[in-house]
Amino acid sequence: MQDIEKVLYASDSNRHHFIATIVCLQTNQTEEIGTDELERLDIVDGQQRLTTLIILLKLIAIFLEKSGGELEKAEEDKLNELIVKDNPVEYASYVEFGHRQQPGRYVPALGKQLKQGWVKGRFMLTISEGEIQDIAPKVIEAKLKKWLKNGLS
């Protein structure tokens, strides 16, 4: 969240932020979303980054909804179409809170054998949610007001 705040408050008009890669595993499964049929991918690395960005987008959508104008409502609708509504991945709780595994078992997706019997939880969602609750409302409100003021002038 601190990285996002730095980017938002940067004065350079060419500001950018590299959020690193997101590693996915093909599942050979598809899901219908609206009229589209999309390939389903399981996220191997990058869950915390995606979670943070999704929560940030949801907060922006909530702010736009509360702003009440037609332009804001249209932008809110666009954001809500993009935001993931649920997490169908069964193992998400294991990554968040920790899990047992069989030492010595080879995992092709990782390209290595497992070493530990217990993997500690990463608490990615818990940490991200706390950080966002602390900082996001003020940052988003200030930036959106500026963006809307500049966009509507």
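Is lysine 73 buried, partly exposed or exposed, and what is its relative accessible area? In this predicted model, lysine 73 is partly exposed, its relative accessible area being 44%. The residue also takes part in a salt bridge with glutamate 76, and a search of the whole structure finds 6 salt bridges, some of which are described below.

**Helix 3**
- The side chains of lysine 73 and glutamate 76 form a salt bridge with an N to O distance of 3.6 Å, and both residues belong to helix 3, which covers residues 70–82.
- Within that helix, lysine 73 and glutamate 76 are 3 residues apart, a spacing of about one turn.

- Glutamate 141 and lysine 145 meet through their side chains in a salt bridge of 3.0 Å, N to O.
- These two residues, glutamate 141 and lysine 145, sit 4 residues apart in helix 5 (residues 124–152), so about one helical turn separates them.
- Glutamate 141 counts as partly exposed, with 35% relative accessibility.

**Aspartate 45 and arginine 49**
- A salt bridge links the side chains of aspartate 45 and arginine 49, with 3.3 Å from N to O.
- Aspartate 45 is partly exposed, at a relative accessible area of 38%, and arginine 49 is likewise partly exposed, at 23%.

Definitions and conventions: Residues are numbered from 1 along each chain as its sequence is written. This is a predicted model: local features need pLDDT of at least 70, side-chain atom pairs count only at pLDDT 80 or more; totals for chains, interfaces and linings use all residues. Side-chain values use heavy atoms; hydrogens and water are left out. A salt bridge is a side-chain nitrogen of Lys or Arg within 4 Å of a carboxyl oxygen of Asp or Glu. Buried means under 20% relative accessible area, exposed over 50%, partly exposed in between (1.4 Å probe, protein chains only).
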